[in-house]
Amino acid sequence: MSNSHDPIHFLQQEIAQTRRVLLNNGLYYRLQTLPDLQRFMEHHVFAVWDFMSLLKSLQRGLTCVEVPWVPSKNPATRRLINEIVLEEESDVDQHGQPASHFELYLRAMDECGADTGPIRRLLAALAAGRSVSEALAAAQVPNSVRQFVETTFSIINTGRSCLVAAAFTFGREDVIPAMFRQLVGELRDKFPGRLDTFTYYLDRHIELDEEVHAPLAQQMVRELCGDDPQCWQDCQQVAIRCMEARMILWDGIKPTHTQPALAA
């Protein structure tokens with residue numbers, strides 16, 4: 001199939017402008033001090049957390065997680081999602097020990113002195129049976145974080161696996177490597193010994209998402225949408241909505257200094 005007839009390629013063309021705006025956000029060049037980076041992580045950790053809910057929603061919808069077990073409809077899609085779950089929920093850290101990417105991120109926050117209190121309050125509220133909205137209130141998150149998380153869960157709550165897959169693929173896996181590559185930059189040299197876990201996390205995501213997860217996720221969307229033009233149109237709208245929510249999240253992160261941004 002040529003690119004001109006590939007629905008994935010067409011969708012990517014349709015969302016390209018929004019993607020460019022997201023990737024040109026000035027935030028990536030404003031993270032100049034350790035307090036700047038700490039503040040970034042204190043906001044971004046909520047995106048790391050709700051990403052896992054997108055992923056587990058896909059696993060619930062596309063594989064069998066019930067007892068007694070019965071085989072799900074599409075073995076190829078089942079394998080795709082289980083491969084991604086394995087590496088996101090049970091990857092290894094820089095020392096070869098098992099850890100989810102969320103747990104790696106919390107460790108990175110502790111390592112650099114970022115405040116994990118709000119995200120831990122959210123987790124505690126959820127463990128106590130509170131709703132996501134109630135947990136966000138308990139965590140006292142900024143409005144930009146609330147909007148981002150509520151966007152994610154509104155898509156999950158549609159119950160449409162194709163839309164969740166579009167959010168996962170084009171709102172996360174497809175765009176994350178390009179965003180994170182801009183963050184890695186000079187971090188290792190600038191803050192020696194404070195960001196070892198964070199830079200490992202970024203490098204690991206760039207490697208997995210770009211080389212493995214994004215192609216798998218695109219194939220998953222292709223399988224779920226098939227030849228349904230309305231499904232493809234809905235996925236396009238969801239992808240744009242997710243990237244716009246990310247811009248709101250980024251815009252809510254204010255630098256702690258007034259120095260000019262680094263040159264791109």
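Q: Let's start with a pair of side chains: which helix holds E83 and R79, and how many residues apart are they?
A: Keep in mind that this is a predicted model. Both E83 and R79 sit in helix α4 (residues 75–89), with a spacing of 4 residues, about one turn of the helix. Their side chains form a salt bridge, and the closest N and O atoms are 2.9 Å apart.

Q: How do I read burial for that pair: is E83 buried, partly exposed or exposed, and what about R79?
A: The idea is to check relative accessible area against two cut-offs: under 20% is buried, over 50% is exposed, and in between is partly exposed. E83 counts as partly exposed because its relative accessibility is 27%. R79 comes out at 58%, so that one counts as exposed.

Q: Which parts of the chain does the R107 and D93 pair link?
A: First, the bridge: R107 and D93 meet through their side chains at 2.8 Å, N to O. R107 belongs to helix α5 (residues 101–112), while D93 is in the loop between β1 (91–92) and β2 (98–99). That puts the partners 14 residues apart, and the pair links distant parts of the chain. As for burial, D93 has a relative accessibility of 5%, so it counts as buried, whereas R107 is partly exposed at 34%.

Q: Switching to helix packing, how do α3 and α12 cross?
A: Two packed helices are described by the angle between their axes and the distance between those axes. Here, the axes of α3 (residues 34–62) and α12 (residues 196–225) come within 14 Å and cross at roughly 35 degrees. The crossing is left-handed.

Q: Which residues make that contact, and how many are nonpolar, polar or charged?
A: From α3 you have L37, F40, M41, H44, V48, L58 and L62; from α12, F198, Y201, M220 and L224. They divide into 10 nonpolar, 1 polar and no charged.

Technical notes: Residues numbered from 1 in each chain as written. Predicted model: local features only at pLDDT ≥ 70, side-chain atom pairs only at ≥ 80, totals over all residues. Heavy atoms only, no water. Axes fitted to C-alpha atoms, helices over the stretch in contact; angles between N-to-C directions. Helix = DSSP H or I, 4+ residues; strand = E, 2+ residues; numbered from the N terminus. Left-handed = near helix turned anticlockwise from the far one by under 90°. Contact = heavy atoms within 4.5 Å. Nonpolar A, V, L, I, M, F, W, Y, C, P; charged D, E, K, R; others polar. Salt bridge = Lys/Arg side-chain N within 4 Å of Asp/Glu carboxyl O. Buried < 20%, exposed > 50% of the residue type's maximum accessible area, 1.4 Å probe, protein only.
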